[in-house]
Amino acid sequence: MNVDVLISYFPRYAEAFLLTLRIGWLGILLSAAIGIVSAFTMYFKLPVLSRIAGAYVEIFRNTPLLVQLFFVYFGMPKLGFAISAETCGIVGIGLLGGSYMSEALRSSLNAVPASQAESAEALGMTHFQAFWLVIFPEALVLSVPAVVANVIFLLKETSVFSAISLMDLMFTAKDLIGLYYDTTEALFMLVVFYIIMLVPVSAAGSVLERKARHKMFGE
Amino acid sequence: MGFEVLLKGNNMIRLLGGLAVALKISLISVCISLIMGTVFGSLMNDRHPLIKKILRAYLEIVRIMPQLVLLFIAYFGTTKALGVNISAEAASIIVFSFWGSAEMADLVRGALSGIPPAQYESSLALGLTYHQTLVYIIIPQIIRRMLPLSINLITRMIKTTSLIMMIGIVEVLKVGQQIIEANRKNYPNAAFGIYFTVFVLYFAVCWPISMLSRYLERKWEA
Amino acid sequence: MNINGISKKYGDLVVLDNLSLKVKSGEVVVIVGPSGCGKSTLLRCINALEIIDDGEVALDGKAINPHDKKLSKVREKIGMVFQSYELFPHKTILQNLVLAPVRVKKMNRKEAEKEALHLLERVGLLSKKDNYPRQLSGGQKQRVAIVRALMMNPEILLMDEITAALDPEMVREVLEVVLDLAKEGRTMIIVTHELQFAKAAADRMVFIDGGRIIEEGEPKEFFENPKTERLKKFLHSFTYE
């Protein structure tokens with residue numbers, strides 16, 4: 001492996017890294033928002049809306065991100081809905097992630113025992129207060145392991161962005177291999193940057209999971 | 001809207017052929033993953049610290065490395081580093097099995113450690129031998145816990161195989177691209193129809209499998 | 001059943017300390033003692049679920065060897081009921097009951113089922129035969145667990161805190177089954193915290209503390225005239241004054 005090559009590659013990877021991070025995390029924020037809304041409509045069994053949310057979750061959980069991106073990025077403009085590659089990436093991660101986040105939150109909401117709401121209401125809370133002050137916070141804590149797994153999964157999924165010409169880490173690696181044939185160096189840098197991106201998240205996730213467990217079960 | 005192009009010539013057949021390529025690769029990878037994952041998963045409760053450490057590291061690599069990165073390493077990296085030229089199909093089967101085995105191993109480990117020790121004890125106390133205890137009591141329970149999750153792994157595998165177009169395998173998305181390219185003049189809106197169809201095809205394959213998994217999970221919920 | 005000077009250690013912690021106990025055929029021995037005194041461990045050692053460090057457990061004059069290949073043959077003769085029922089969740093009640101007789105004793109399935117239905121009727125659970133364990137209440141599960149042990153027609157029954165996980169109103173239905181078995185002349189070693197029940201069921205009471213037998217005797221003497229300070233204190237802890 002040639003160190004000079006690695007160093008010369010660094011700026012391009014760093015730039016791609018920042019782009020990947022930005023799109024990835026914006027997409028994850030969007031997915032959290034979509035997930036919360038979708039989970040609420042299903043938890044409260046809102047007529048019609050819960051059906052739509054249910055269909056949305058099934059559709060996006062059962063199709064690959066790459067296909068979703070192709071459809072939105074190349075297919076939708078034919079109907080007059082053209083968006084930039086970057087927006088498409090954010091929306092793609094947001095929609096895919098939203099379906100996973102929705103499932104995580106919904107099952108956590110259902111896992112909070114009904115007696116919790118009852119005891120909250122016995123204390124004089126309204127339905128609404130019991131949900132916001134007791135049920136929802138408990139469900140959030142319960143959902144931590146699933147949410148952490150989803151965040152890692154979504155950050156990994158960003159690797160397909162190169163397919164819609166976003167200059168992310170994958171794109172950079174492919175480009176450099178095509179240009180200079182320094183395959184080993186290009187792949188090495190690719191791995192290094194994914195490690196930089198995901199190891200801290202994985203570690204922070206473990207800490208968060210431990211804290212959540214402690215909070216819920218005192219272990 | 002660009003659906004007409006599918007009726008032209010054997011375009012729809014070609015698209016389905018592309019899907020078959022993706023499904024074939026997933027199926028092979030799933031089979032390998034089920035077997036290897038079960039072996040690794042059983043070993044993870046092993047007392048040997050070295051085996052444990054190696055398997056942990058393996059699982060962590062799979063946990064944080066995108067499958068596409070692994071695919072690139074297997075396909076482009078090995079050629080350069082080892083001087084061997086493996087086909088894109090072989091590379092993708094290797095990578096997906098590597099990934100799937102880790103996922104499966106984690107499932108097996110979880111299922112094994114989820115059986116309370118008293119289940120072994122009560123079976124032994126009834127006079128069943130250790131072997132009988134495994135066959136009649138433990139393994140059936142493990143299968144009930146594992147099966148829904150393993151079936152889920154199949155849908156994830158199928159979704160992941162969409163990545164193989166990125167290393168040049170002509171699967172459903174690539175075939176779609178080719179059809180769009182070839183009909184750019186006559187069917188300018190083909191991109192919508194084709195990609196929508198691909199989207200629906202993937203859903204049509206994955207959704208029933210997900211439903212089966214959920215059905216089994218509910219049925220066996222203890 | 002002859003337990004001769006058995007000891008058991010977990011690391012430095014001595015759980016059973018040179019403990020001996022003889023149980024005659026047809027006798028019901030009830031063991032009481034503070035939690036952590038080793039009474040559950042004693043039952044587990046009898047069944048060789050724990051390997052004893054010293055001493056010997058013998059059934060019908062033959063020592064039980066935990067490394068014996070035929071250990072399951074010996075365990076056939078020793079029935080055990082657990083605190084947490086431990087029914088097999090993937091099998092129906094009837095399947096739970098006939099599994100061991102068919103697989104271990106090679107009993108004919110039809111016969112085993114007939115026997116199972118008969119016993120289920122006796123404990124009032126015939127209607128639950130095709131249900132799964134998760135559909136039963138704790139008391140019902142425990143009655144099934146007792147029947148499951150009886151299906152092997154064991155020479156001796158071990159009961160480890162079988163009512164500890166039950167709601168008070170379910171304790172009675174389970175204990176009545178056990179009392180019934182006692183009247184029938186079954187040999188049993190029972191570990192329990194239910195002193196009222198112990199008084200009613202026991203032929204002999206045994207008090208264990210610190211891994212040793214501190215006092216034993218007839219139930220009447222045992223409860224009304226405890227000789228040792230430790231037993232007095234233990235019995236006293238159950239009264240609210």
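Reply: Two residues are in contact if their C-beta atoms, placed from the backbone, lie within 7 Å. This is a predicted model, in which local features need pLDDT of at least 70 and side-chain atom pairs count only at pLDDT 80 or more, whereas totals for chains, interfaces and linings use all residues. Residues are numbered from 1 along each chain as its sequence is written, and chains are lettered from A and ligands numbered from 1 in the order in which they are written.

No contact joins chain A and chain C, and their closest C-alpha atoms lie 18 Å apart. Chain C does meet chain B: 18 residues of chain C are in contact with 17 residues of chain B. On the chain B side, the elements giving two or more residues are α5 (117-125) and α6 (130-160); helices (H or I, at least four residues) and strands (E, at least two) are DSSP runs, numbered from the N terminus. That side divides into 9 nonpolar, 6 polar and 2 charged residues, where Ala, Val, Leu, Ile, Met, Phe, Trp, Tyr, Cys and Pro count as nonpolar, Asp, Glu, Lys and Arg as charged, and the others, Gly among them, as polar.

Within chain C, strand β1 (residues 2-10) pairs with strand β2 (residues 13-22) in the antiparallel sense over 6 bridges; two strands pair if DSSP finds at least two bridges between them. Tyr10(C) has Leu13(C) in β2(C) as its bridge partner. The hairpin has 2 residues between these strands, and Gly11(C) takes a positive phi near 65° there. β1(C) also pairs with strand β4 (residues 54-59) of chain C, in the antiparallel sense over 4 bridges, and Asn4(C) stands opposite Glu56(C) in β4(C).
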